[in-house]
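Please keep the model open beside them.

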Amino acid sequence: MQHIYGPVSSRRLGLSLGVDMVPFKACNFDCIYCQLGRTTIQTEQRREWVSVDEVIDELKTTLSSDHKIDYLTFSGSGEPTLNSRLGEAIKTVKRFTSIPVAVLTNGALLRSAEVREELMESDLIVPSLDAASQRAFEKVNRPLPSIRIEEVIEGLNVFKKIYQGKVWLEIMLVNGVNDSPDELQRIKEAISRIAPHKVQLNTVVRPPSEAYALPITREEMDKVKVFLGRQCEVIARFSPREPTPLEHQQEKAIWEFLQRRPATVKDLANGLGLHPNEAIKFIRKLTDAGKIEAISFGDNRYYMPIKKKEK
Ligand code: SF4
């Protein structure tokens, strides 16, 4: 499977099957906290980045086996609204399954009436809103220069008024970047304009794209929650959860693969039948544990075990 990954267990969405609509990593933002690393294709061009027919075929195959899925979640290797056939994909999916459809998006393309229309048949949209001033927006999300936060907030506002599904707004707080009292006040005003069904607070609990993107503490998070109001909840997982038996197996497979030969994320994903996002998760874990290291060769980044020094 190239475009379908999981199912992954998530606190918010239960058992969620991921649907990836863009190549790794196409996005109109380059967030400093992005767990996928830096954006390699920064664009707002909407086109069929990956074949929707292929996505649908893979999805049908996956769903034909006996999975109990709570959500089909359009997210993955970048920004799903960049795929120009996203609306068609959602409509097609709704014709062959009753599983609810969620779209995780950075929300920037909700400035476009066409994109708002394409999302109408989904059941849940989880857009991000990490800043409400242009200055903080540029610092935390590093968007394409043409994207103005005021227009993004207005897009969310218009969308929420016409959309029949649920909107859960996610705010990622980065220490010293978008957590000042002034910025939080602006975010609060934007929330009251958009009126989402929920506001979900998160912080940098997974390895970020930039080492300087640091989390806020649990205490600070609780204060922000009280400040932003009642519909707000904390979704950051401050202590890591225990890996599942399947995750143990996948990590072991990656470790064994790398002991045979150095490999890129793509080699590992293709060789072990994993989605690149999953491969990255395990690579980060092995890197943090000091077991593997990366070396660059040409345009590629290879991972290999760290050799112990001979005494
Ligand atoms: S919007 Fe999402 S995918 Fe894009 S850079 Fe930010 S966190 Fe990464």
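1. Which residue of β5 does Asp20 stand opposite? Asp20 faces Ser75 in that strand. Please bear in mind that this is a predicted model, in which local features need pLDDT of at least 70 and side-chain atom pairs count only at pLDDT 80 or more, whereas totals for chains, interfaces and linings use all residues. Residues are numbered from 1 along each chain as its sequence is written.

2. Strand β2 (residues 14-20) is largely enclosed by the rest of the structure, because five of its seven residues are buried (20 or more other C-beta atoms within 10 Å of a residue's own, with C-beta atoms placed from the backbone; exposed means 12 or fewer, and partly exposed in between). Strands here are DSSP runs of E of at least two residues, and helices are runs of H or I of at least four, numbered from the N terminus.

3. The pairing of β2 involves two partners, where a pair requires that DSSP finds at least two bridges between the strands. With strand β1 (residues 4-10), β2 pairs in the antiparallel sense over five bridges, and the two form a hairpin with three residues between them; within it, Val8 stands opposite Ser16. With strand β5 (residues 71-75), β2 runs parallel, joined by five bridges.

4. Thr264 lies in the loop between α8 (245-260) and α9 (265-272), and it counts as partly exposed because it has 18 C-beta neighbours inside 10 Å. Although 38 residues separate Thr264 from Tyr302 in sequence, their C-alpha atoms are 4.6 Å apart.
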